[in-house]
Amino acid sequence: GSPHDHARLLTSARRDAWPTIAACVFDSRPASQRWAVSADRGLEALRATEASLAAQTLPVLYRIVGQGAGATKLAELRSGLDCEYVALLQAGEVIPSHALALLADQIVKLGYPTAVYADEDELTLSGTRHDPLFKPVPNHALMLSGTLSRGVWLVRRDLLSDCPVDTECWAETVRLELWLRLYEQGKAGD
């Protein structure tokens, strides 16, 4: 969207009801590589995600979690985040500066659903977005294909305590596990 659209979003009538959001960035590099000074692709991916979070028009706190730091269960991560929703991102996923504000607005519009996800696109090295993927309503087959478990997802913070996986997983794995649990409980459309 245009800067005018972003400004209009920030003056949304729903703004006062927007939920608080924190982000969890999954860094899948082994611990031995995570803090390396070298400019490896993994570190570049993490920095790109961090930069996109820092540029959000809606301020967001985030935590980086990943392999080698001990398997932090999602329930433990939940206790360290003071928010209503958690954005689940994989290192390398870059979201536009208005993404979390737009998702917060949609959460209110949709009546505070358990989870929301966004359409996605590709990003060139020069920062041009292309090849949009407009995601349909999820169903079991689509979720198992992996198509819908990519990109930013926001889940209610309390949902993290119900997920048996730990933070040594990829964000995509966590998103899929959370959705499948909701599906099994008949709540995937909530």
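Q: What volume does the largest pocket have?

A: Rolling a probe the size of a water molecule over the atoms shows where empty space is left. Here the largest pocket has a volume of about 1500 Å³. On a 1 Å grid over the protein atoms alone, a pocket is an open set of points where a 1.4 Å probe fits, with protein on both sides within 12 Å along at least five of seven lines. Its volume is the space filled by probe spheres set on the points, which are joined across faces, edges and corners. This is a predicted model, in which local features need pLDDT of at least 70 and side-chain atom pairs count only at pLDDT 80 or more, while totals for chains, interfaces and linings use all residues. Residues are numbered from 1 along each chain as its sequence is written, and side-chain values use heavy atoms, with hydrogens and water left out.

Q: Which residues are closest to the centre of the largest pocket?

A: Lining residues have an atom within 4 Å of a point. There are 48 of them in the largest pocket, and A118, D119, E120, G151 and V152 are the closest to its centre. Helix 3 gives the most to this lining, with five residues; helices here are DSSP runs of H or I with at least four residues, and strands are runs of E with at least two, numbered from the N terminus.

Q: How many nonpolar, polar and charged residues does that lining have?

A: Ala, Val, Leu, Ile, Met, Phe, Trp, Tyr, Cys and Pro count as nonpolar, Asp, Glu, Lys and Arg as charged, and the others, Gly among them, as polar. The lining of the largest pocket has 28 nonpolar, nine polar and 11 charged residues.

Q: How many bridges join strand 5 to strand 6?

A: Two strands pair if DSSP finds at least two bridges between them. Strand 5 and strand 6 run antiparallel and are joined by three bridges, with E122 opposite H130 in strand 6. The two strands form a hairpin with five residues between them, and G127 in the turn has a positive phi of about 95°.

Q: What kind of aromatic pair do W179 and Y183 form?

A: Rings of Phe, Tyr and Trp (its six-membered ring) pair if their centres lie within 6.5 Å; planes under 30 degrees apart count as stacked, over 60 as edge-to-face and the rest as tilted. The structure holds two aromatic pairs. W179 and Y183 form a stacked one, 5.2 Å centre to centre with 20° between the planes. Both lie in helix 7, four residues apart, about one turn of the helix.
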